[in-house]
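Please open the model in a viewer and keep the sequence panel beside it. The tour below says what to select at each stop and what is found there.

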Amino acid sequence: RVQFTEYIQKNVALYQFRNGIPLTTAAAANFTRGELATALRKNPYFVNILLAGYDKETGPSLYYIDYIATLHKVDKGAFGYGSYFSLSMMDRHYHSGMTVEEAIDLVDKCIMEIRSRLVVAPPNFVIKIVDKDGAREYAWRESVKDAAVAS
Amino acid sequence: MQIFEYNGSALVAMVGKNCFAIASDRRLGVQLQTIATDFQRISKIHDRLFLGLSGLATDAQTLYQRLVFRHKLYQLREERDMKPETFASLVSAILYEKRFGPYVCQPVIAGLGDEDKPFICTMDSIGAKELAKDFVVAGTASESLYGACESMFKENMEPEELFETVSQALLASVDRDCLSGWGGHVYVV
């Protein structure tokens, strides 16, 4: 998993150096999909990806890429066992044009659901935000403070 | 886990009087879970040729990109658009290239040939063409689509009536299939 994301990261940076302009989110998403698709029939990567980016012209966008390289632009997405709960919470509460506070609120609701409903719930969560000022770590939601677990 | 039923899809194309209609459902799922309800399965190759791809979404996307590439090359070399029959043969050849590791897709091709004569065809995942004069279907809901189209189809329908017929056939069939649905996209040319 780490291998693949680093590979993509470095290639995106390379494009930026070669061509002088940074890759748009859509282009990065399609590039990632292409890499996954090419590897699919030889040595598939088992990575599911939610790719979020902010472009000056088109604003924020979210792309869902699953491990068999299905690409789709979505407004809300989730992966894994927790996705069953999160997607339903988001279907209920999401509307377009939400503010950051409302979005964090929704994310917290999803985290609460996962914590209460999932037997194998992970104890700690990190929330990251991507906007015009770039990507940054926003907050941690920890219930187990000694995070000596290898991530 | 059936590979053809991984993402779920329903596609139908019908012939009318100097026109055709091609319709698909909008669900993108991962087995039982719905991921999105706005997935586009039908794409325009040129103004008078549409291609719908059912089956595994990743192969549909890869195949679509390859076909658009081939068609653009053709346009540059021949300075004209591809005829639907030619395009169907191209798709069939590309699918058969992967005979022993196939693209898991069933394409539906619909276009207007010379003198506005409508052309529709479908093929299986290794390129066996099935030409039809009235309608073709593909996808997880194909059995119910066969029934619905067979009963609703009439010869020489005008575009408005064709649109109604195709929409009703599609909606009725996807209602009985849990892997496809969430509305439909219909293109009438």
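Select chain A and colour it by residue number: of its contacts (heavy atoms within 4.5 Å) with a separation of 6 or more, 35% are between residues 24 or more positions apart. This is a predicted model, in which local features need pLDDT of at least 70 and side-chain atom pairs count only at pLDDT 80 or more, while totals for chains, interfaces and linings use all residues. Residues are numbered from 1 along each chain as its sequence is written, chains are lettered from A and ligands numbered from 1 in the order in which they are written, and side-chain values use heavy atoms, with hydrogens and water left out.

**Chain A as a whole**

Switch to a cartoon view. Chain A has four helices and five strands, where helices (H or I, at least four residues) and strands (E, at least two) are DSSP runs numbered from the N terminus. Their order along the sequence is α-α-β-β-β-α-α-β-β. Along the principal axes, the C-alpha atoms of chain A fill a box of roughly 45 × 35 × 30 Å.

Now show the surface. Chain A exposes about 10,000 Å², of which carbon and sulfur atoms supply 55%; accessible areas come from the Shrake-Rupley method with a 1.4 Å probe, and for residues only the protein chains shown count as cover. Of the 151 residues of chain A, 32% count as buried. Buried means under 20% relative accessible area, exposed over 50%, and partly exposed in between (1.4 Å probe, protein chains only).

Select residues 49-55 of chain A, which form strand 1.

Two strands pair if DSSP finds at least two bridges between them. A:Leu50 stands opposite A:Tyr64 of strand 2. Three residues link strand 1 to strand 2 of chain A in a hairpin.

**The largest core, in chain B**

Move to chain B and select B:Leu51, B:Leu63, B:Leu67, B:Phe87, B:Val91, B:Ile109 and B:Met123. They have the most contacts inside the largest nonpolar core, which has 22 residues. A nonpolar core is a set of buried Ala, Val, Leu, Ile, Met, Phe, Trp, Tyr and Cys residues joined through side-chain atoms within 4.5 Å. Two or more residues of this core come from each of strand 6 (49-55), helix 1 (57-78), helix 2 (84-97), strand 7 (105-112) and strand 8 (118-123) of chain B. Helix 2 of chain B gives the most, with six residues.

Centre the view on B:Leu67. Not counting residues up to four places away in sequence, B:Leu67 touches B:Leu51, B:Phe87, B:Leu90, B:Val91 and B:Ile94. Apart from this core lies another, of 19 residues, among them B:Ala23, B:Phe153, B:Ala169 and B:Val174.

**Strand 7 of chain B and its partners**

Select strand 7 of chain B. Seven of its eight residues are buried, so strand 7 is largely enclosed by the rest of the structure. Strand 7 pairs with strand 6 of chain B in the antiparallel sense over seven bridges, and B:Gln106 is the bridge partner of B:Ser54. Strand 7 also pairs with strand 8 of chain B, antiparallel, over five bridges.

Pick B:Val108, which lies in strand 7 of chain B. B:Val108 is buried, with a relative accessible area of 0%. Its bridge partner in strand 8 is B:Thr122. Leaving aside neighbours within four places in sequence, the contacts of B:Val108 include B:Leu11, B:Ile22, B:Phe50, B:Cys121 and B:Val136. B:Ala13 is 95 residues away along the chain, yet its C-alpha atom is 7.2 Å from that of B:Val108.

**Two loop residues with positive phi**

Most residues other than glycine have a negative phi. Select B:Glu115, in the loop between strand 7 and strand 8 of chain B. Phi of B:Glu115 is near 55 degrees. Is B:Glu115 buried or exposed? B:Glu115 counts as exposed, at 77% relative accessibility.

For the last stop, select B:Asn156, in the loop between helix 3 (142-152) and helix 4 (159-174) of chain B. Phi of B:Asn156 is near 50 degrees, a positive value in a residue other than glycine. B:Asn156 is exposed, with a relative accessible area of 53%.
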